[in-house]
Amino acid sequence: MDVRAAVAVQAGKPLEVMTVKLEGPKAGEVLVEVKATGICHTDDFTLSGADPEGLFPAILGHEGAGIVVDVGPGVTSVKKGDHVIPLYTPECRECPSCLSRKTNLCTAIRSTQGQGVMPDGTSRFSIGKDKIHHYMGCSTFANYTVLPEIAVAKVNPDAPFDKICYIGCGVTTGIGAVINTAKVEIGSTAIVFGLGGIGLNVIQGLRLAGADMIIGVDLNNDKKAWGERFGMTHFVNPKEVGDDIVPYLVNMTKRGADQIGGADYTFDCTGNTRAMRQALEASHRGWGKSVVIGVAGAGQEISTRPFQLVTGRSWMGTAFGGARGRTDVPKIVDWYMEGKIEIDPMITHTMPLEDINKGFELMHGGESIRSVVIY
Ligand SMILES: NC(=O)C1=CN([C@@H]2O[C@H](COP(=O)(O)OP(=O)(O)OC[C@H]3O[C@@H](n4cnc5c(N)ncnc54)[C@H](O)[C@@H]3O)[C@@H](O)[C@H]2O)C=CC1
Ligand SMILES: N[C@@H](CCC(=O)N[C@@H](CSC=O)C(=O)NCC(=O)O)C(=O)O
Ligand SMILES: [Zn+2]
Ligand SMILES: [Zn+2]
């Protein structure tokens, strides 16, 4: 069938909106009509050429919501008409990782996903004789896409596509990092580096978990009001603090008789390796947990003095907020429908597919929290 897609033709170039061919679903696959998709910083990261796994041409996009319109042979868990959210972290419930109960990083289709193809090793998208790569197993920058059955979460059909698409990445990553990965307790202190589409959801997750002191750190002063809107209690702009932000943050978080500062939990939502180090070193001696969420470009590395770890800080990371997609995503949609979490105010801009590059420009200018393409 013919579908409309924004194609990443070449690294560093704007997306090109065009008509491409999409083959129907094969065994174990579903065809989804994508109704809306968010634009995540990771799409921009891959388009920029910084992603070691980046492939071109490709149809990017991994934060979608839509309707199942066809299923291939053997599909049992979803049917035509179901409302679904595509999952870049699938949940097969059979692989050693799924069975371990220790991680959400299902390995069933990770290798083909990284090669930009479906689990059978082929692509469903093409232009003429040329194949186009899938992206993160989702390719939601097309109005129809094909996904493995294990990579869709069936959700409440009353939920609005243009809002719940954000649960396909940003909302789940931010809230999940707090609840699943860090396991934040009531009364904790926390520092969040980067108050964008992910960081604000970390803040909303911290509010949900009952954290007392929530410090937001961003280079952009406009983010102060945004952080406060979702529960941030203090804001720090590193540009206004001077050389080293770590002693400043440690001082801010001094508590108890011994007056040792440092937050119980810190989160990097910037992708900047210097900020990742600062986040670790601003966590509390003896028990601080620092969670890396931001994605850094090819060749970049993190470092710190091993003494930071010897003295009891833990450096950890999270993908998709540690969420098991088919199990957890429907619950997060329900939390939204029940008013337990907020999404609407974070969706600052919407646009048709034809204007998708404007969404990337708004992100670059720090003007948007989330742009959503509505098909
Ligand atoms: N681990 C995972 O599963 C996921 C990771 N990500 C990654 O999370 C990161 C954040 O994504 P978004 O929130 O969508 O990006 P965004 O562009 O909306 O927000 C980034 C924020 O960080 C701020 N910032 C940049 N450098 C900073 C620094 N050195 N110190 C303090 N603040 C700084 C910016 O001003 C901006 O407000 C990206 O690296 C993205 O690729 C996104 C989704 C899932
Ligand atoms: N492909 C990159 C790393 C990109 C990355 O870390 N992706 C995250 C999700 S970011 C979403 O917006 C992720 O889930 N990683 C786990 C995975 O298995 O891909 C690289 O090679 O560095
Ligand atoms: Zn994302
Ligand atoms: Zn699995």
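Student: Hi! At roughly what angle do the axes of helix α5 and helix α6 cross?

Tutor: In this predicted model, the axes of α5 (residues 170-182) and α6 (residues 199-209) cross at roughly 45° and come within 7 Å. Axes are lines fitted to C-alpha atoms, for helices over the stretch in contact, with angles from 0 to 180 degrees between N-to-C directions. Helices (H or I, at least four residues) and strands (E, at least two) are DSSP runs numbered from the N terminus.

Student: And what does that make α5 relative to α6?

Tutor: Oblique, because of that angle. Under 35 degrees counts as roughly parallel, over 145 as roughly antiparallel, 65 to 115 as roughly perpendicular and the rest as oblique.

Student: Before I go on, how are things numbered?

Tutor: Residues count from 1 along each chain as its sequence is written, while chains are lettered from A and ligands numbered from 1 in the order in which they are written. Local features need pLDDT of at least 70, side-chain atom pairs count only at pLDDT 80 or more, totals for chains, interfaces and linings use all residues, and side-chain values use heavy atoms, leaving out hydrogens and water.

Student: New topic: which residues come nearest to ligand 1?

Tutor: His-41, Thr-42, Ile-198, Asp-218 and Lys-223, out of 26 residues around ligand 1. A residue is near if one of its heavy atoms lies within 4 Å.

Student: Which atom of Thr-42 lies 2.7 Å from an oxygen atom of ligand 1?

Tutor: A polar side-chain atom. Asp-218 also has a side-chain N or O atom 2.7 Å from an oxygen atom of ligand 1. From the backbone, an N or O atom of Thr-318 lies 2.8 Å from a nitrogen atom of ligand 1.

Student: How much of ligand 1 does the protein bury?

Tutor: 87% of the 870 Å² that ligand 1 exposes when taken alone. Those areas come from the Shrake-Rupley method with a 1.4 Å probe; for residues, only the protein chains shown count as cover.

Student: What about ligand 2, which residues surround it?

Tutor: Among them are Cys-40, Thr-42, Asp-51, His-62 and Tyr-88. The side chain of Thr-42 has an N or O atom 2.7 Å from an oxygen atom of ligand 2. A polar side-chain atom of Asp-51 is 2.9 Å from a nitrogen atom of ligand 2.

Student: Last one: is the peptide bond from Phe-56 to Pro-57 cis or trans?

Tutor: That bond is cis, with omega near -5°. Pro-57 sits in the loop between α1 (41-48) and β4 (64-71).

Technical notes: A polar contact is a pair of N or O atoms within 3.5 Å; within protein, one must be able to donate a hydrogen and the other to accept it, and residues adjacent in sequence count only if both atoms are side-chain atoms.
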